[in-house]
Amino acid sequence: MSESPGSGPDPTPPRVPSQATAPTRRPVPATALRQRLAELRGPSVAPLPLDARALAALAANPGCGRRALLDGAGVNKAALATALGSPSAFGQSQFAFMRGNAFEARVKADGGTELMRLLYERMGGAGCEPPVPGETLVPDLAAAGPEGRAARTALALREATAAGAWTLLDHPMLALEVAGSPAYLEPDAVVVHPDGHWTVVEIKSFPMIDDSADAAKVGAAARQAAVYVLALERVAAKVPGARVGHTVLLVCPKDFSNLPAASVVDVRKQRAVTRRQLERLTRLEDLAAALPEGTTFDVERPAEELAAAVESVDAAYAPECLAACELAFHCRQKARAAGAVEALGRSVRGELGGLTTIGEVLAAAEGAAGDPADPAVAALRRAAALRAEALAGARAGERTLC
């Protein structure tokens, strides 16, 4: 609160408590942030779009400022890893990519007739008439740029909800704010039911054998679909009568054929976890402001300079990163070189408490360091004693046999 000049007879203004005069953080203008992120990528490098798969992986490791900044700036992490000398084997083969596209085209053929049949068969219509083949509305979502496509998708969703007819949106574009920066997401499809219900459709190329698919792959698809649900909810909040379903339709090849099969996946848990983790992410302007002056991740720069730039951003490596991040091999090498216990896994890291390096762990186990009252230290010493006892027994057995 402020005082107006001459508002009272006392020329000395009253003392304002320090918490009331604490400086308010001013958000960085969007144009300034975009310019800063462009400088981080490199002046001539186009940004790499942030997709739902990357967002799901980022939400699974919200403490990694390195990934948050690089993904938010649109840096090509695969090219960066190659320039650092730690190329990544992460990604999908060209054959799998082509097979997935062919299967998706078959599912959506004839105006999505087969897709709509599967959806009504698995999810029903809550009293709605089943979709008539050839009569499902398929609006044109073409527009200039991701912002234009997102706006066109929002308009199509509003029109479809008001029309009260079965509508299939093929590859709509959705926007979601992540760490203060917009991310544009493209689900395989979104179906609008006549009663205003919106359903996300995920089409995957892994098989569904006897109505059951690989649990790990289904879990990854659910986390990805949860990101789409969050983005859809942002649009639905502005559309009267619209509501987003927390169950998604997963379509996969049936057994070992190319025929589609479908199952319903509840993503409420994944949605809640993803939303909470994304909200925990540090804002991009804060991460960028903490970097040394002149930092850039332009892969045209020397490897030594790139390595220094990458190390200037804190990372949170875990073995799970190997299946989700292109920089995982580089981060693992650095974690091992530093003797960080994170390289052993998150569960191990959680059990070790304040012991942060493998050297500290070994010293505590040997009794050379550590507080004996610490449960982690006590457990390590007990484990070391049991190991020594087992080894001594094994050696005694060997001598007896000899």
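Visitor: Are Glu233 and Arg271 buried or exposed?

Guide: Glu233 is buried, and Arg271 is buried as well. Keep in mind that we're looking at a predicted model.

Visitor: Which salt bridge do Glu233 and Arg271 form?

Guide: The general idea comes first: side chains of opposite charge can pair when their charged atoms come close. Here the side chains of Glu233 and Arg271 meet in a salt bridge, 2.8 Å from N to O. Glu233 sits in helix α8 and Arg271 in helix α9 (residues 268-280), so this pair ties together parts that are 38 residues apart in sequence.

Visitor: How many salt bridges are there?

Guide: The count comes to 19.

Visitor: Let's stay with α8 for a moment. What span should helix α8 have, and how far apart are its end C-alpha atoms?

Guide: Helix α8 covers residues 215-236, and at 1.5 Å a residue its 22 residues should span 32 Å. The end C-alpha atoms are 30 Å apart, which agrees. The helix is mostly covered, with 16 of its 22 residues buried. Look at its start too: a side-chain oxygen of Asp214 comes to within 3.1 Å of the backbone nitrogen of Ala216.

Visitor: Where do Asp71 and Arg67 lie?

Guide: An α-helix has 3.6 residues a turn, so residues three or four places apart point the same way. In this structure, Asp71 and Arg67 both lie in helix α3 (residues 65-73), four residues apart, or about one turn of the helix. Their side chains meet in a salt bridge at 2.9 Å, N to O, and both residues are buried.

Visitor: Which residues are linked with Arg67 and Asp71 in a network of salt bridges?

Guide: Lys77 and Glu326 are linked with them in that network.

Visitor: What about Asp211: which residue does it form a salt bridge with?

Guide: Asp211 pairs with Arg122, and their closest N and O atoms are 3.9 Å apart. This pair links distant parts of the chain: Asp211 is in the loop between β5 and α8, while Arg122 is in helix α6 (residues 109-123), 89 residues apart. Asp211 is exposed, with a relative accessible area of 56%, and Arg122 counts as partly exposed at 38% relative accessibility.

Visitor: What is the phi of Asp211?

Guide: Asp211 has a positive phi of about 65°, although it is not a glycine. Asp110 is another residue to check: its phi is near 55°, a positive value in a residue other than glycine. Asp110 is found in helix α6 and counts as exposed at 68% relative accessibility.

Visitor: How many aromatic pairs does a search of the whole structure find?

Guide: The search finds one. The rings of Tyr120 and Trp166 have their centres 6.1 Å apart and their planes at 80°, so the pair is edge-to-face. Tyr120 lies in helix α6 and Trp166 in the loop between α7 (145-163) and β1 (167-170), so the pair ties together parts 46 residues apart in sequence. Tyr120 is partly exposed, with a relative accessible area of 27%, whereas Trp166 counts as buried at 7% relative accessibility.

Visitor: Which residues is His193 in contact with, leaving aside its neighbours within four places in sequence?

Guide: Trp166 turns up again here, along with Leu119, Gly124, Ala165 and Thr199. His193 lies in the loop between β4 (189-192) and β5 (197-203). At 4% relative accessibility, His193 counts as buried, because the cut-off for that word is under 20%.

Visitor: Where is Thr296, and is it buried or exposed?

Guide: Thr296 is in the loop between α10 (284-289) and α11 (303-311). It is buried, with a relative accessible area of 12%. A polar atom of the Thr296 side chain lies 3.3 Å from the backbone oxygen of Glu39. Leaving aside neighbours within four places in sequence, the contacts of Thr296 include Leu40, Arg41, Gly42 and Arg301.

Visitor: Now strands. In what sense do β2 and strand β3 pair?

Guide: As a general idea, in a regular strand the side chains alternate between the two faces of the sheet. Here β2 and strand β3 (residues 181-185) pair in the antiparallel sense over five bridges. Glu177 stands opposite Pro182 in β3. The two strands form a hairpin with two residues between them, and Ala179 in the turn has a positive phi of about 55°. Strand β2 (residues 174-178) is mostly covered, with four of its five residues buried.

Technical notes: Residues numbered from 1 in each chain as written. Predicted model: local features only at pLDDT ≥ 70, side-chain atom pairs only at ≥ 80, totals over all residues. Heavy atoms only, no water. Buried < 20%, exposed > 50% of the residue type's maximum accessible area, 1.4 Å probe, protein only. Contact = heavy atoms within 4.5 Å. Polar contact = N/O pair within 3.5 Å; in protein donor to acceptor, adjacent residues only side chain to side chain. Pairing = 2+ DSSP bridges. Expected span 1.5 Å × (residues − 1). Salt bridge = Lys/Arg side-chain N within 4 Å of Asp/Glu carboxyl O. Phe/Tyr/Trp six-rings, centres within 6.5 Å; stacked < 30°, edge-to-face > 60°.
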